[in-house]
Amino acid sequence: MYIQYLTAHNFKITFYKKGEVIYEPGQHPKYAYFIKSGEVRMATVNQDGREFIQGVFKSKQLFGEPALLLDRPYLAYTIASRDTEVIQLDKPAFLKMIAENSDFSMDLIMTMSKRLFYKSMMLEELANEQAEHRLFTLINYLSQDLENGATLNITRQTLADMSGLRVETVIRTIKKLAAGGELKLIRGKIVKTGYDADHKMDVL
(Lines give C-alpha, C1' and ligand atoms only; values in the text may rest on other atoms or scores of the structure.)
Protein backbone atom coordinates (compact mmCIF):
# COMPACT_ATOMS: atom_id res chain seq x y z
CA MET A 1 0.00 0.00 0.00
CA TYR A 2 1.78 3.13 -1.33
CA ILE A 3 5.27 1.87 -0.45
CA GLN A 4 6.86 3.40 -3.57
CA TYR A 5 5.33 6.80 -2.75
CA LEU A 6 6.63 6.66 0.81
CA THR A 7 10.09 5.52 -0.26
CA ALA A 8 10.31 8.26 -2.90
CA HIS A 9 9.47 10.88 -0.26
CA ASN A 10 12.29 9.67 1.99
CA PHE A 11 10.21 8.65 5.00
CA LYS A 12 12.13 6.89 7.73
CA ILE A 13 12.73 3.16 7.25
CA THR A 14 13.46 1.06 10.34
CA PHE A 15 14.74 -2.52 10.37
CA TYR A 16 13.52 -5.02 12.97
CA LYS A 17 15.07 -8.43 13.45
CA LYS A 18 12.89 -11.53 13.79
CA GLY A 19 11.40 -11.63 17.29
CA GLU A 20 11.99 -7.95 18.00
CA VAL A 21 9.13 -5.99 19.59
CA ILE A 22 8.07 -2.92 17.59
CA TYR A 23 5.74 -1.58 20.27
CA GLU A 24 4.04 -2.95 23.38
CA PRO A 25 0.89 -2.40 25.47
CA GLY A 26 0.74 0.93 27.28
CA GLN A 27 3.22 2.60 24.97
CA HIS A 28 2.09 5.93 23.51
CA PRO A 29 1.76 5.86 19.70
CA LYS A 30 4.16 7.91 17.59
CA TYR A 31 3.79 6.45 14.12
CA ALA A 32 1.68 4.61 11.59
CA TYR A 33 3.72 1.72 10.16
CA PHE A 34 3.85 0.55 6.54
CA ILE A 35 5.62 -2.76 5.93
CA LYS A 36 8.20 -2.50 3.14
CA SER A 37 9.25 -6.14 3.55
CA GLY A 38 8.80 -8.89 6.11
CA GLU A 39 5.93 -9.81 8.42
CA VAL A 40 4.56 -8.56 11.74
CA ARG A 41 2.10 -10.15 14.16
CA MET A 42 -0.09 -8.32 16.67
CA ALA A 43 -0.65 -10.29 19.85
CA THR A 44 -1.80 -10.14 23.44
CA VAL A 45 0.07 -12.24 25.98
CA ASN A 46 -1.54 -13.91 28.99
CA GLN A 47 -0.01 -14.45 32.43
CA ASP A 48 1.42 -17.80 31.31
CA GLY A 49 3.24 -16.13 28.44
CA ARG A 50 1.01 -17.60 25.74
CA GLU A 51 0.31 -15.40 22.74
CA PHE A 52 -3.11 -14.83 21.23
CA ILE A 53 -2.58 -13.44 17.73
CA GLN A 54 -5.02 -10.69 16.78
CA GLY A 55 -3.64 -10.15 13.31
CA VAL A 56 -0.77 -10.81 10.92
CA PHE A 57 0.49 -8.01 8.67
CA LYS A 58 2.62 -8.59 5.58
CA SER A 59 4.50 -6.63 2.93
CA LYS A 60 2.70 -3.48 1.69
CA GLN A 61 0.24 -3.54 4.60
CA LEU A 62 -0.31 -0.96 7.34
CA PHE A 63 -0.59 -1.29 11.11
CA GLY A 64 -0.65 0.82 14.26
CA GLU A 65 -2.92 3.53 12.85
CA PRO A 66 -5.99 3.16 15.18
CA ALA A 67 -4.05 4.06 18.33
CA LEU A 68 -2.30 6.89 16.50
CA LEU A 69 -5.56 8.40 15.23
CA LEU A 70 -7.26 8.06 18.62
CA ASP A 71 -4.17 9.14 20.56
CA ARG A 72 -4.62 6.14 22.88
CA PRO A 73 -1.96 3.76 24.25
CA TYR A 74 -1.40 0.49 22.41
CA LEU A 75 -3.34 -2.52 23.73
CA ALA A 76 -1.20 -5.28 22.23
CA TYR A 77 2.33 -6.21 21.25
CA THR A 78 3.53 -6.05 17.67
CA ILE A 79 6.42 -8.38 16.97
CA ALA A 80 8.48 -8.97 13.84
CA SER A 81 7.74 -12.56 12.77
CA ARG A 82 10.74 -12.40 10.43
CA ASP A 83 13.33 -9.77 9.55
CA THR A 84 11.20 -6.75 8.65
CA GLU A 85 11.55 -3.25 7.21
CA VAL A 86 8.88 -0.70 8.12
CA ILE A 87 8.31 2.88 6.97
CA GLN A 88 7.24 5.13 9.84
CA LEU A 89 4.92 8.11 9.43
CA ASP A 90 4.35 10.45 12.35
CA LYS A 91 0.83 11.73 12.94
CA PRO A 92 1.08 15.03 10.96
CA ALA A 93 2.48 13.20 7.92
CA PHE A 94 -0.14 10.45 8.20
CA LEU A 95 -3.02 12.93 8.47
CA LYS A 96 -1.64 14.88 5.50
CA MET A 97 -1.55 11.68 3.44
CA ILE A 98 -5.20 10.99 4.34
CA ALA A 99 -6.29 14.54 3.52
CA GLU A 100 -4.46 14.78 0.19
CA ASN A 101 -5.02 11.30 -1.23
CA SER A 102 -8.64 10.19 -1.61
CA ASP A 103 -7.62 6.75 -2.93
CA PHE A 104 -5.54 6.17 0.18
CA SER A 105 -8.41 7.36 2.40
CA MET A 106 -10.78 4.84 0.80
CA ASP A 107 -8.21 2.04 1.06
CA LEU A 108 -7.73 2.92 4.73
CA ILE A 109 -11.48 2.77 5.37
CA MET A 110 -11.67 -0.63 3.67
CA THR A 111 -8.67 -1.93 5.62
CA MET A 112 -10.07 -0.87 8.98
CA SER A 113 -13.52 -2.21 8.07
CA LYS A 114 -12.04 -5.63 7.25
CA ARG A 115 -10.23 -5.67 10.60
CA LEU A 116 -13.41 -4.79 12.48
CA PHE A 117 -15.24 -7.56 10.65
CA TYR A 118 -12.48 -10.04 11.51
CA LYS A 119 -12.51 -9.10 15.19
CA SER A 120 -16.31 -9.38 15.34
CA MET A 121 -16.16 -12.76 13.63
CA MET A 122 -13.50 -14.08 16.00
CA LEU A 123 -15.35 -12.84 19.08
CA GLU A 124 -18.35 -14.85 17.95
CA GLU A 125 -16.19 -17.90 17.17
CA LEU A 126 -14.36 -17.77 20.51
CA ALA A 127 -17.74 -18.23 22.17
CA ASN A 128 -18.23 -21.37 20.08
CA GLU A 129 -16.87 -24.40 21.90
CA GLN A 130 -16.72 -26.51 18.72
CA ALA A 131 -13.09 -26.54 17.60
CA GLU A 132 -13.99 -27.69 14.08
CA HIS A 133 -16.39 -24.79 13.48
CA ARG A 134 -14.00 -22.21 14.95
CA LEU A 135 -11.00 -23.44 12.98
CA PHE A 136 -12.84 -23.86 9.67
CA THR A 137 -14.27 -20.33 9.95
CA LEU A 138 -10.79 -18.92 10.57
CA ILE A 139 -9.20 -20.86 7.72
CA ASN A 140 -12.02 -19.84 5.39
CA TYR A 141 -11.51 -16.17 6.29
CA LEU A 142 -7.73 -16.33 5.80
CA SER A 143 -8.19 -18.01 2.41
CA GLN A 144 -10.67 -15.53 0.95
CA ASP A 145 -8.08 -13.58 -1.05
CA LEU A 146 -6.29 -16.67 -2.38
CA GLU A 147 -6.72 -17.92 -5.93
CA ASN A 148 -7.97 -21.45 -6.53
CA GLY A 149 -5.12 -23.93 -6.13
CA ALA A 150 -3.11 -21.62 -3.90
CA THR A 151 -1.87 -22.83 -0.54
CA LEU A 152 -2.51 -21.13 2.76
CA ASN A 153 0.99 -20.39 4.01
CA ILE A 154 0.35 -20.37 7.73
CA THR A 155 1.68 -22.68 10.40
CA ARG A 156 -0.40 -24.85 12.68
CA GLN A 157 1.04 -22.92 15.62
CA THR A 158 -0.13 -19.60 14.17
CA LEU A 159 -3.61 -21.03 13.60
CA ALA A 160 -3.60 -22.14 17.23
CA ASP A 161 -2.51 -18.70 18.41
CA MET A 162 -5.19 -17.01 16.30
CA SER A 163 -8.02 -19.35 17.29
CA GLY A 164 -7.25 -19.77 20.98
CA LEU A 165 -6.89 -23.53 20.51
CA ARG A 166 -3.95 -25.73 21.42
CA VAL A 167 -1.67 -26.67 18.54
CA GLU A 168 -2.39 -30.36 19.16
CA THR A 169 -6.11 -29.62 18.75
CA VAL A 170 -5.47 -27.70 15.52
CA ILE A 171 -3.42 -30.56 14.03
CA ARG A 172 -6.03 -33.14 14.97
CA THR A 173 -8.94 -30.99 13.75
CA ILE A 174 -7.33 -30.20 10.37
CA LYS A 175 -6.78 -33.91 9.77
CA LYS A 176 -10.41 -34.57 10.69
CA LEU A 177 -11.71 -31.81 8.38
CA ALA A 178 -9.55 -33.14 5.55
CA ALA A 179 -10.73 -36.72 6.12
CA GLY A 180 -14.33 -35.48 5.99
CA GLY A 181 -13.72 -33.65 2.72
CA GLU A 182 -14.25 -30.19 4.23
CA LEU A 183 -10.79 -29.01 3.23
CA LYS A 184 -8.01 -30.22 0.95
CA LEU A 185 -4.44 -30.93 1.97
CA ILE A 186 -1.49 -31.30 -0.39
CA ARG A 187 1.76 -32.32 1.30
CA GLY A 188 0.31 -31.07 4.56
CA LYS A 189 -0.60 -27.64 3.15
CA ILE A 190 -4.19 -26.35 3.09
CA VAL A 191 -5.23 -25.65 -0.50
CA LYS A 192 -8.09 -23.48 -1.72
CA THR A 193 -10.10 -25.32 -4.35
CA GLY A 194 -13.09 -23.07 -5.17
CA TYR A 195 -16.02 -20.98 -3.98
CA ASP A 196 -19.49 -22.10 -2.93
CA ALA A 197 -21.86 -19.35 -4.19
CA ASP A 198 -24.87 -20.84 -2.42
CA HIS A 199 -23.18 -20.76 0.97
CA LYS A 200 -21.07 -17.67 0.15
CA MET A 201 -17.86 -19.23 1.41
CA ASP A 202 -14.65 -20.73 0.06
CA VAL A 203 -14.34 -24.43 -0.62
CA LEU A 204 -11.02 -25.46 0.86
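User: At what angle do the axes of helix α6 and helix α7 cross?
Analyst: Two packed helices are described by the angle between their axes and the distance between the axes. Here the axes of α6 (residues 156-163) and α7 (residues 167-179) cross at roughly 110 degrees and come within 8 Å. Axes are lines fitted to C-alpha atoms, for helices over the stretch in contact, and angles run from 0 to 180 degrees between N-to-C directions. The two helices are therefore roughly perpendicular (65 to 115 degrees; under 35 is roughly parallel, over 145 roughly antiparallel, the rest oblique). Helices (H or I, at least four residues) and strands (E, at least two) are DSSP runs, numbered from the N terminus.

User: Which residues make the contact of α6 and α7?
Analyst: From α6 come Arg 156, Gln 157, Leu 159, Ala 160 and Ser 163; from α7, Val 167, Val 170, Ile 171 and Ile 174. Contact means heavy atoms within 4.5 Å.

User: What kind of model is this?
Analyst: It is a predicted model: local features need pLDDT of at least 70, side-chain atom pairs count only at pLDDT 80 or more, and totals for chains, interfaces and linings use all residues. Residues are numbered from 1 along each chain as its sequence is written, and side-chain values use heavy atoms, with hydrogens and water left out.

User: What is the order of the strands in the open sheet?
Analyst: Strands of a sheet pair through backbone hydrogen bonds, either parallel or antiparallel. This open sheet has four strands in the order β2-β7-β4-β5, with antiparallel pairing. Its edge strands, β2 (21-23) and β5 (51-58), each pair on one side only. Two strands pair if DSSP finds at least two bridges between them. β2 and β7 (residues 77-80) have two bridges. Tyr 23 stands opposite Thr 78 in β7.

User: How many salt bridges are there?
Analyst: The count is four. A salt bridge is a side-chain nitrogen of Lys or Arg within 4 Å of a carboxyl oxygen of Asp or Glu. One of them joins Glu 39 and Arg 82, with the closest N and O atoms 3.3 Å apart. Glu 39 lies in strand β4 and Arg 82 in the loop between β7 and β8, so this pair ties together parts 43 residues apart in sequence.

User: Is Glu 39 buried or exposed?
Analyst: Buried, at 14% relative accessibility. Buried means under 20% relative accessible area, exposed over 50%, partly exposed in between (1.4 Å probe, protein chains only). Arg 82 is partly exposed, at 45%.

User: Which residue meets Glu 65 in a salt bridge?
Analyst: Arg 115, at 2.6 Å from N to O. Arg 115 is in helix α4 and Glu 65 in helix α2, 50 residues apart. Glu 65 is buried, at 0%.
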